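You asked for a colleague's reading of this model, and my notes follow as numbered points. Please keep the structure open while you go through them.

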Amino acid sequence: MATLTKTRDPKIIKSIIKKYDTDGNSKIDVKEFGNLVKDLGYKFTDENVQAFLMLIDTDGSGYIDQEEFITWWSNETFHTDKIIDLITQAAAIFKKFDVDNSKKISRSEFTALAKEVVQLDDSIAQDKLFQQIDQSKDKEIQFAEFCKWLKWF
Ligand SMILES: [Ca+2]
Ligand SMILES: [Ca+2]
Ligand SMILES: [Ca+2]
């Protein structure tokens with residue numbers, strides 16, 4: 001597995017996606033991703049699978065497209081055991097504050113997060129922090145942006 005995940009050959013990566021993309025829409029959904037990580041030998045719970053999918057799905061579309069897949073696949077830090085725990089913990093926090101379950105934290109959802117997680121009550125300071133975390137500048141915090149901010153891994 002370790003050597004397989006090092007491959008950046010687009011042909012091989014395409015064939016892996018094709019193999020697991022059972023409904024043939026060129027994207028990997030949560031169920032297809034679950035099968036993939038199971039075959040890789042990861043002992044993932046449903047919760048782990050969902051957390052990983054959220055992390056890899058950087059644009060928050062709910063699917064892993066080819067570009068997102070390559071980024072994850074070729075990043076070795078995403079394939080270590082301790083990372084699984086950390087990502088799952090981070091996902092639990094993220095979900096708690098994503099009240100409308102949109103897989104993104106909006107500015108209004110961020111108010112509670114800033115208060116509870118970093119004890120930041122001032123709304124201007126919250127604005128600033130929100131903008132800093134929202135690196136894609138789409139006025140939403142995706143899970144990948146949230147993880148970067150946490151700096152746990
Ligand atoms: Ca996506
Ligand atoms: Ca939300
Ligand atoms: Ca964003």
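**Notes on the predicted model**

1. I begin with a single side of the packing, bearing in mind that this is a predicted model. Leaving aside residues up to four places away in sequence, Leu53 touches Val30, Phe33 and Ile64.

2. Leu53 is also among the residues with the most contacts inside the largest nonpolar core, a set of 27 residues in which Ile28, Phe52, Leu55, Ile64, Ala91 and Phe143 are listed alongside Leu53. The elements that give two or more residues to this core are helix 2 (30–39), helix 3 (46–56), helix 4 (66–73), helix 5, helix 6 (107–118) and helix 8. Of these, helix 3 gives the most, with 7 residues.

3. How does this core relate to the domain assignment, which gives domain 1 (1–79) and domain 2 (99–153)? The core draws at least three residues from each of domain 1 and domain 2, while the centres of the two domains, taken over C-alpha atoms, are separated by 25 Å. The contact between the domains takes 6 residues from domain 1 and 7 residues from domain 2, and the side of domain 1 that touches domain 2 has, by class, 2 nonpolar, 4 polar and no charged residues.

4. Helix 5 passes helix 8 in a right-handed crossing. On the helix 5 side the residues are Ala90, Ala91 and Phe94, and they meet Phe143, Phe146, Cys147 and Leu150 in helix 8. By class, this contact has 7 nonpolar residues, with no polar and no charged ones. Two of the residues named here, Ala91 and Phe143, are also listed among those with the most contacts inside the largest nonpolar core.

5. Thr58 and Ala144 are 86 residues apart along the chain, yet their C-alpha atoms are separated by 5.7 Å.

Key:
Residues are numbered from 1 along each chain as its sequence is written. Chains are lettered from A and ligands numbered from 1 in the order in which they are written. This is a predicted model: local features need pLDDT of at least 70, side-chain atom pairs count only at pLDDT 80 or more; totals for chains, interfaces and linings use all residues. A crossing is left-handed if the near helix is turned anticlockwise from the far one by less than a right angle, and right-handed if clockwise. Helices (H or I, at least four residues) and strands (E, at least two) are DSSP runs, numbered from the N terminus. Two residues are in contact if their C-beta atoms, placed from the backbone, lie within 7 Å. Ala, Val, Leu, Ile, Met, Phe, Trp, Tyr, Cys and Pro count as nonpolar, Asp, Glu, Lys and Arg as charged, and the others, Gly among them, as polar. Domain bounds come from an automatic or database domain assignment. A nonpolar core is a set of buried Ala, Val, Leu, Ile, Met, Phe, Trp, Tyr and Cys residues joined through C-beta atoms within 7 Å. A residue is buried if 20 or more other C-beta atoms lie within 10 Å of its own, exposed if 12 or fewer, and partly exposed in between; C-beta atoms are placed from the backbone.
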